[in-house]
Amino acid sequence: MDSSGAHVKDDLIDTRHGCILYIEEVTVSFDGFKALNDLNLFVDDGELLCIIGPNGAGKTTMMDVVTGKTRPDEGTVFFGQNLDLTQMTEFEISHAGIGRKFQKPTVFLNHTVFENLELALHTNKGIWQSLTKTLNGKQREIIEEGLETIGLKNQKNLRAGLLSHGQKQWLEIGMLLAQDPRLLLIDEPVAGMTHQETEHTAELLKSLAGKHSVVVVEHEMDFIRSIANRVLVLHEGHVLAEGKMEEVQNNPKVIEVYLGS
Amino acid sequence: MIKQIIKLHSLKGWLFTFSLLGIAIILLPLLNIFAPENSFLHIPDYMFSLFGKYLCYALVALAIDLIWGYTGVLSLGHGVFFSLGGYAMGMYLMRSIGKEGVYKSELPDFMIFLDWKELPWYWWGFDSFIFTFFVILIMPGLFAFIFGYFAFKSRIKGVYFAIITQAMTYALMLLFFRNNTGFGGNNGLTDFKKILGYSLQEPSTKMSLYILTAIVLFIFYVVARFVVQSKFGRVLTAIRDSENRVMFSGYNTLNYKLAIWTISAFICGIAGALYVPQVGIVNPSEMQPSNSIEMAIWVAVGGRGTLSGALVGAGLVNGAKSWFTVAAPDYWLYFLGILFIVVTLFFPKGFVGIFSRLRIKRKGNQNG
Ligand SMILES: Nc1ncnc2c1ncn2[C@@H]1O[C@H](COP(=O)(O)OP(=O)(O)OP(=O)(O)O)[C@@H](O)[C@H]1O
Ligand SMILES: [Mg+2]
């Protein structure tokens, strides 16, 4: 088996129509309140899509629906044309090739940086394997490379709980990369980062597009501007506008929503 | 694999572990046999059943540490698995009494008392030790597996899980209390005479059971170390700290929790089976909800998530209990309650945590 973890299930995901994620007519209500309201959203294979929108627009809920954390009341969610995500569990969805970074950085605080990456690493995640297998040279190499990419080489034996907020964000991104997913859903990656860290993150995300499909949710407009190709505005659980950054910014409906909030 | 096992401890750590084992299974028995009766070094016979009992408790604490300390799933129902193992052993011991009971019958005394004419089907096979042995290995784990499957599948967590384990142990206690259930009602199973043909009154039998318990504890300690030091163990602690992240990293956390839960129950059942011949009785009070809570307290007091803490905690709390039951029996529960509160509030890492903190401090002082 190719333990480097190149997309094992690639051929299982049917992207012949150029789309990797299909969210169609999805509605999610919490006690009658519709967090997502007839949402239609498509992600092209290999693109970097940015999603903006005021607080409570449903951005995080959208990611919850895609990753199986929340089940839609109505509508369909497909990964490629063939995988019905609403019928899959969280870990199956992860196996199929969707990785997610949470809004609040979620790393394993009591594990070292290295162990965090080890746990995320794309490999057989069954019980028996975990119990008996140790890392091989190739896998160590991948982890070391990952440490390099996220700039935490010197902190690799540090408990993740001791990292700064920005470093935790990066670690989580590093974990995503170690998982080697087809599609990355990244919720507010630069919150709590310094200007320099933000720039670095922008570079990183841009370099991912093409090989991976990336969906980024962010409030930080300068950051969006520096990476965005296609931008989508979510409002009240619905797509309000989409297009290039300038188009979206000059859209009267968008201006109204943002000024109104 | 062998290499992995050797690497579990540093050389010093292994020396320490083996010294403890050596003291337990060689030195203490030697002191019993060779030290003169009146010397303070002499260990009297009766002590070995007591030590054996403590070692069984330590094994329980080890099992609970795996599921609670490492995986973050608080069980307040381990008394059930302990009892299932204990009852299985008890049934074998009852059958070994043969016709030496009060009523000189083929059937256990309590059945005669209930006017039962023949052995119920679920007692079949317990005259065989081999059969009993497999029941001990399988029943507690199987029961835990089924219970855990439904609980974890419905994603019951935290306090809710703890509460249903309490309900489980309470329900089983009531069931076993009934005479008609066929396990001796509230008297339970007792008056055992022999195990594998050896008299349970003999000091040598007691000593052998004690040594066996020490060896079993040692083996499971190494197994548990192996488990928590493998990637499997790192996944468990990760589940404890952030189960969502683990799921989204592609792990089927249901399977992981179910596996460690079942292993934990398995170990606990074996502890129960070793316990019963050494104390000479098993009855439904082992399944009292408070009993399971006490087991969790051992681990909390010793320190969660270290394994050694669990062992120390079981020893400390039960040592204190033995003292209290003699000196001030009425105050034991108050003491236990206060101890638990103090530990939770001020020493979340338990007894072992206090020590490692002191050690770090000392190191710091040396360096500075
Ligand atoms: N589990 C839940 N139960 C009840 N309401 C919820 C739940 N999750 C989200 N909501 C509500 O759904 C709406 C959408 O929330 P969501 O987190 O998706 O917004 P968001 O666009 O990510 O906002 P932000 O920019 O603040 O992160 C909010 O009004 C929120 O209060
Ligand atoms: Mg959000």
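Me: Is the crossing of H11(B) and H13(B) left-handed or right-handed?

Reply: The crossing of H11(B) and H13(B) is left-handed; the term applies if the near helix is turned anticlockwise from the far one by less than a right angle. The model is predicted, with local features needing pLDDT of at least 70 and side-chain atom pairs pLDDT 80 or more, while totals for chains, interfaces and linings use all residues. Residues are numbered from 1 along each chain, chains are lettered from A and ligands numbered from 1 as written, and side-chain values use heavy atoms without hydrogens or water.

Me: Why are H11(B) and H13(B) called oblique to each other?

Reply: The axes of H11 (residues 289-302) and H13 (residues 332-346) of chain B come within 10 Å and cross at roughly 45°. Angles under 35 degrees count as roughly parallel, over 145 as roughly antiparallel, 65 to 115 as roughly perpendicular and the rest as oblique. The pair is therefore oblique.

Me: What makes the approach of Thr60(A) to ligand 1 a polar contact?

Reply: A polar side-chain atom of Thr60(A) lies 2.6 Å from an oxygen atom of ligand 1, and a polar contact is a pair of N or O atoms within 3.5 Å. A backbone N or O atom of Gly56(A), 2.9 Å from a ligand 1 oxygen, also meets this limit.

Me: Which element gives the most to the shell around ligand 1?

Reply: H1(A) gives the most, with three residues; a residue is near if one of its heavy atoms lies within 4 Å.

Terms used: Polar contact = N/O pair within 3.5 Å; in protein donor to acceptor, adjacent residues only side chain to side chain. Helix = DSSP H or I, 4+ residues; strand = E, 2+ residues; numbered from the N terminus. Axes fitted to C-alpha atoms, helices over the stretch in contact; angles between N-to-C directions.
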